[in-house]
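The sequence and structure are shown first.

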Amino acid sequence: MTANGSLGVGGSPYWYGSGYTDLWIQGSSYSVFDLAISSTRTGTFYANTTALTLGSITSIPLIVSTGNSERLRVDASGNVGISNTAPPTKLYVGGSAAAQ
């Protein structure tokens, strides 16, 4: 851990400049950041040379929020809801939408 609170796992943390704190995870093939509840792995964020992946490991949904409100949800069956917490189809948009 550096003096500014940055932590490097598998390498030295990147220095962004004054006022920043960094968590640096470095692997030789890919890097993984896992989240667990009790001892159950529930979510992951990982990168390799071909993809950056954010995912749910268990059947819990993946949720994107802004302003402390849910905006987008991907449920365990792969249905995506925008402004909808229980999308009934592969893509469901609550409210008005536009497409070009």
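## Residue classes and the model

Ala, Val, Leu, Ile, Met, Phe, Trp, Tyr, Cys and Pro count as nonpolar, Asp, Glu, Lys and Arg as charged, and the others, Gly among them, as polar. The structure described here is a predicted model.

## The largest pocket

The largest pocket holds about 160 Å³ of space. Its lining is made up of Phe33, Leu35, Thr42, Gly43, Thr44, Phe45, Leu54, Gly55, Ser56, Ile60, Pro61 and Leu62. By class, seven of the lining residues are nonpolar and five are polar, while no charged residue takes part.

Three strands each give at least two residues to this lining: β3 (31-37), β4 (40-47) and β5 (52-56). Strand β4 has the largest share, with four residues.

## A nonpolar surface patch

A nonpolar patch on the surface consists of Met1, Leu7, Val9, Leu23, Phe33, Leu35, Phe45, Leu52 and Leu54, and together these residues have about 900 Å² of accessible area. Two or more residues of the patch come from each of β1 (7-9), β3 and β5.

Leu35, one of the patch residues, is also among the residues that line the largest pocket. Leu35 sits in strand β3. Its relative accessible area is 46%, so Leu35 is partly exposed.

## Salt bridges

How many salt bridges does the structure hold? There are two salt bridges. In one of them, the side chains of Arg41 and Asp34 meet with an N to O distance of 3.0 Å. Arg41 has a relative accessibility of 40% and therefore counts as partly exposed. Asp34 is partly exposed as well, at a relative accessible area of 37%.

Glu70 and Arg73 form a salt bridge in which the closest N and O atoms are 2.7 Å apart. Is Arg73 buried or exposed? Arg73 counts as buried because its relative accessibility is 17%, and buried means under 20%.

## A contact across the chain

Ser6 belongs to the segment before β1. With a relative accessibility of 3%, Ser6 counts as buried. Which distance separates the C-alpha atoms of Ser6 and Asp22? They lie 4.5 Å from each other, although Ser6 and Asp22 are 16 residues apart along the chain.

## Positive phi angles

Most residues other than glycine have a negative phi. Asn68 has a positive phi, near 60°, and is not a glycine. The position of Asn68 is in the loop between β6 (62-66) and β7 (69-74). Asn68 counts as exposed because its relative accessibility is 80%, the cut-off for exposed being over 50%.

For Ser83, too, phi is positive and near 60° in a residue other than glycine. Ser83 is placed in the loop between β8 (80-82) and β9 (91-93). A relative accessibility of 52% means that Ser83 counts as exposed.

Methods. Residues are numbered from 1 along each chain as its sequence is written. This is a predicted model: local features need pLDDT of at least 70, side-chain atom pairs count only at pLDDT 80 or more; totals for chains, interfaces and linings use all residues. Side-chain values use heavy atoms; hydrogens and water are left out. On a 1 Å grid over the protein atoms alone, a cavity is a set of points where a 1.4 Å probe fits but cannot get out, and a pocket is an open set with protein on both sides within 12 Å along at least five of seven lines; lining residues have an atom within 4 Å of a point. Grid points are joined across faces, edges and corners, and a volume is the space filled by probe spheres set on the points. Patches are made of residues with over 30% relative accessible area and no salt bridge: like charges are joined within 9 Å, nonpolar side chains (Val, Leu, Ile, Met, Phe, Trp, Tyr) within 5 Å. Accessible areas come from the Shrake-Rupley method with a 1.4 Å probe; for residues, only the protein chains shown count as cover. A salt bridge is a side-chain nitrogen of Lys or Arg within 4 Å of a carboxyl oxygen of Asp or Glu. Buried means under 20% relative accessible area, exposed over 50%, partly exposed in between (1.4 Å probe, protein chains only).
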